[in-house]
Amino acid sequence: MSAEPATAAVAGTAPGRWAVDPATIGPGDVLVLRALGLGDALTAVAPLRGVRRMLPDHRIVLAAPAGVGAWLAGLGVVDGVLPVPGLVSLPPTPGGHVAVNLHGRGPLSHELLLASRPERLVGFAAPEAGHDGPPWRQDEHEVRRWCRLVADAGGPCGPEDLRLRDHRPAPGDAPVLIHPGAASPARRWPAERWREVAADLAADGHRIVVTGSPAEADLAAAVVAGIDAAENRCGALDLDGLTRTVGAAAAVLSADTGVAHVATALAVRSVVLFGPTPPAWWGPAVDPDLHTVLWHGDPAARAWGDPHGDRLDERLAAVGPAEVLAAARAQLGASRT
């Protein structure tokens with residue numbers, strides 16, 4: 001992943017009562033920048049809880065896409081949202097607040113926060129922005145990176161803070177959720193392979209639920225085609241609905257994308273297929289018994305593929321349906337013990 005990524009807004013809950021007037025952000029507030037999508041937002045839950053411990057009497061305002069920010073506010077992770085569509089200039093604020101950069105290493109993200117005139121900026125060292133802080137490390141898990149930053153500033157936290165609830169054994173009729181999409185072709189496992197896995201699990205007696213964004217309608221339709229036990233909910237769920245659907249699943253099967261992080265946060269069993277990005281950076285950081293990671297990359301390599309690439313990554317292509325099916329059956333079998 002890029003150190004200074006930007007993203008389009010993720011559809012979800014409207015900001016509504018969680019929207020914060022920037023004219024009210026000042027002393028007594030913490031303005032946290034994480035203007036990214038669903039998976040990135042969930043990896044920030046642990047450091048956000050560290051921010052809460054660091055400044056328990058402050059209001060935490062998250063500068064993020066409106067839907068994701070309101071969703072996290074509704075879950076109680078933050079107190080309000082300053083809607084921003086990506087790495088863009090923030091609206092003027094009175095200043096005097098504490099700013100926390102959970103977006104990137106800088107300098108641009110630092111500069112955007114410094115323009116809000118904070119009393120203090122918590123962020124990684126960025127000499128170009130005139131800011132001193134802990135050093136950025138490329139080879140580090142995303143959750144541990146941001147927890148290290150916040151803990152250094154006085155807010156203890158760790159991967160265990162990712163959980164939004166404890167693990168709950170799934171009832172016997174709980175469906176298997178398959179989320180075949182991903183933001184880029186490099187991270188999209190072929191639809192015909194997902195369909196093979198779905199058909200075999202349906203033959204085992206499992207109900208299948210397929211999810212995705214409206215733009216992934218054709219992909220979802222290809223996965224459920226001809227499988228009577230498969231329900232296509234692609235495009236029918238907002239973030240709240242997706243959360244409920246994941247929370248009610250026996251297991252979640254997906255590529256390295258936001259839904260995988262929802263499963264981690266809800267302690268729902270999962271199988272996650274990795275390609276251009278190593279799971280050591282973005283894989284489940286807690287509950288290893290609940291989450292199976294499939295990856296055919298070389299951990300000793302100096303670099304891997306492009307997670308934003310326009311072709312299926314060779315490491316992801318090396319994952320076969322039989323391997324995914326075996327991992328899914330193992331997790332589903334464990335859920336009954």
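A salt bridge is a side-chain nitrogen of Lys or Arg within 4 Å of a carboxyl oxygen of Asp or Glu. By this criterion R34, E142 and R145 are linked in a network of salt bridges.

The model is predicted: local features need pLDDT of at least 70, side-chain atom pairs count only at pLDDT 80 or more, and totals for chains, interfaces and linings use all residues. Residues are numbered from 1 along each chain as its sequence is written, and side-chain values use heavy atoms, with hydrogens and water left out.

**Exercise 1. Helix α5**

Task: Determine how many of the residues of helix α5 are buried, and which elements they pack against.

Solution.
Step 1. Helices (H or I, at least four residues) and strands (E, at least two) are DSSP runs, numbered from the N terminus. Helix α5 comprises residues 142-152.
Step 2. Buried means under 20% relative accessible area, exposed over 50%, and partly exposed in between (1.4 Å probe, protein chains only). On this scale 8 of the 11 residues of α5 are buried, and the helix is mostly covered.
Step 3. The buried residues are E142, V143, R145, W146, C147, R148, L149 and V150.
Step 4. Contact means heavy atoms within 4.5 Å. The partners against which the buried residues of α5 pack are the helices α1 (38-43), α2 (45-54) and α10 (279-282), together with the strands β4 (98-101) and β5 (120-122).
Step 5. After α5 comes G154, which has a positive phi near 115°.

**Exercise 2. Salt bridges**

Task: State how many salt bridges a search of the whole structure finds, and examine the pairs of R148, R329 and R233.

Solution.
Step 1. Side chains of opposite charge can pair when their charged atoms come close. The search of the whole structure finds 11 salt bridges.
Step 2. R148 pairs with E140, and their closest N and O atoms are 2.8 Å apart. Both R148 and E140 are buried.
Step 3. R329 and D204 form a salt bridge through their side chains, at 2.8 Å from N to O. R329 belongs to helix α12 (residues 321-334) and D204 to the loop between α6 and β7 (208-210), so the pair ties together parts that are 125 residues apart in sequence. R329 is partly exposed, at 38% relative accessible area, and D204 is also partly exposed, at 39%.
Step 4. R233 and E231 meet in a salt bridge with an N to O distance of 3.0 Å. R233 has a relative accessible area of 23% and is therefore partly exposed; E231, at 36%, is likewise partly exposed.

**Exercise 3. The packing of α6 and α7**

Task: Describe how helices α6 and α7 pack, giving the angle and the axis distance.

Solution.
Step 1. Two packed helices are described by the angle between their axes and the distance between the axes. Axes are lines fitted to C-alpha atoms, for helices over the stretch in contact, and angles run from 0 to 180 degrees between N-to-C directions.
Step 2. Helix α6 (residues 191-203) and helix α7 (residues 217-224) have axes 7 Å apart, at an angle of about 40°. This angle makes α6 oblique to α7; angles under 35 degrees count as roughly parallel, over 145 as roughly antiparallel, 65 to 115 as roughly perpendicular and the rest as oblique.
Step 3. The residues that meet are A191, W194, R195 and A198 in α6, and L219, A222 and V223 in α7.

**Exercise 4. Backbone geometry**

Task: Identify the peptide bond that is cis between G106 and P107, and locate R117 and D287, which have a positive phi.

Solution.
Step 1. Most residues other than glycine have a negative phi, and most peptide bonds are trans.
Step 2. The bond from G106 to P107 is cis, with omega near 10°. P107 is placed in the loop between β4 and α4 (108-114).
Step 3. R117 is not a glycine, yet its phi is positive, about 60°. R117 lies in the loop between α4 and β5 and is exposed, at 52% relative accessibility.
Step 4. D287, also not a glycine, has a positive phi of about 50°. D287 is found in the loop between α10 and β11 (291-294), and at 16% relative accessibility D287 is buried.
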